[in-house]
Amino acid sequence: MKKMKSLATLIAVVSISFAAISCASTKGADSAPAKSPKAQRSITYEVIDWDGAVTGKDIAEWPYNLQDEGLSALDDYPGIKEKVGNNKFFLTTGENTDKKLAREEARNAVSFQLAQMLNTKAIATFNQVIDDNEQAQETINATASKAQFTGFERVAETWVFRLKTNHLKNDKQTEEYTYYELFVCDRDVYQQQVEKYLSDILGKVVKSENMQKANKIRDGLVDELMSNDTAALQEVEQ
């Protein structure tokens, strides 16, 4: 199986932590990652069930490895890799005690999570052409809930059902489903939408005398985003 450090990477960026994964079968136990200090301090998860467990399949690892390994994480999943092809690809997540609601949340998360990711990049990158960073951040963050991105196709999904223990709330335990959805988008379509979204942000937070410099910074950010072939939305905190 692929190295489990990728699992820790995914969990960190979605603001949750695994202490250990113990499964209901010996195959699931083979997937258990090592405990981390951060997980021991905050929230731990124990896997109860997963997509494919009833037929004896291991937990799908592609959601956990995409961030570090890019497309090579799909080498063991040729059907998914073929669907991704040369497209930009994105991983979304949804969590809920109700399985159907967790799936719906993950399936509907592309626009909001992509906007959040772009907002984070914009705030960090445009600071040199923004006069009032605090006001700009409020303006930029307010755009995420209204964002609409199109041209995305869902090519894969998987889920786990876990016992969640919150050590910051007297070890309160809940059982919840986590869905992972993999989406792809044509590179040209994606780039056009990213450019427009970032241009709209600049128009709201940058003074006209700084716009030429801001546009150059935007172009550099777009180039960076287009050359990054990891599952971009894993970087978004939820």
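**Entry 1. Overall make-up**

I counted the secondary structure elements and found ten helices and four strands in the protein. The model I am reading is a predicted one. I then followed the chain along its sequence and wrote down the pattern α-α-α-β-α-α-β-α-α-α-β-β-α-α.

I looked up burial next: the protein has 238 residues, and 47% of them count as buried. I also checked the contacts between residues at least 6 apart in sequence, and 74% of these join residues at least 24 apart.

**Entry 2. The sheet**

In what order do the four strands lie in the sheet? I read the order as β1-β3-β4-β2, in an open sheet with antiparallel pairing. I noted β1 (43-50) and β2 (88-96) at the edges; each has a single partner strand, so one side of each is left without a neighbour in the sheet. On average, neighbouring strands of this sheet are turned by 30° against each other, with direction ignored.

I then took up the pair β3 and β4. I found 14 bridges between β3 and β4, in the antiparallel sense. As one example I traced A156, whose bridge partner in β4 is L182.

**Entry 3. The loop between β3 and β4**

I went on to the loop between β3 (152-166) and β4 (172-185), where N170 lies. N170 is not a glycine, yet I read a positive phi of about 55° for it. Is N170 buried or exposed? Its relative accessibility is 76%, so I put N170 down as exposed, the cut-off being over 50%.

D171 is also found in the loop between β3 and β4. For D171 I noted a phi near 55°, again a positive value in a residue other than glycine.

**Entry 4. Helix α7 against helix α9**

I looked at how helix α7 (residues 110-125) meets helix α9 (residues 187-205). Their axes come within 11 Å and cross at roughly 55°. I therefore recorded α7 and α9 as oblique to each other. The crossing in which α7 passes α9 is right-handed.

Which residues meet here? On the α7 side I listed L114, A115, M117, L118, N119 and A122, and on the α9 side Y190, V194, Y197, L198 and I201. I sorted the residues of this contact into ten nonpolar, one polar and no charged.

**Entry 5. Helix α9 against helix α10**

I kept α9 and turned to helix α10 (residues 211-227). The axes of α9 and α10 are 10 Å apart, and the two helices pack at an angle of about 150°.

From α9 I listed R187, Y190, Q191, V194, E195, L198, S199, L202 and G203. These meet M211, A214, N215, R218, L221, V222, L225 and M226 in α10. I divided the residues of the contact of α9 with α10 into ten nonpolar, four polar and three charged.

I compared the two lists for α9. Y190, V194 and L198 are among the α9 residues that meet α7, and Y190, V194 and L198 are also among those that meet α10.

Notes: Residues numbered from 1 in each chain as written. Predicted model: local features only at pLDDT ≥ 70, side-chain atom pairs only at ≥ 80, totals over all residues. Heavy atoms only, no water. Axes fitted to C-alpha atoms, helices over the stretch in contact; angles between N-to-C directions. Parallel < 35°, antiparallel > 145°, perpendicular 65-115°, else oblique. Left-handed = near helix turned anticlockwise from the far one by under 90°. Contact = heavy atoms within 4.5 Å. Nonpolar A, V, L, I, M, F, W, Y, C, P; charged D, E, K, R; others polar. Buried < 20%, exposed > 50% of the residue type's maximum accessible area, 1.4 Å probe, protein only. Pairing = 2+ DSSP bridges.
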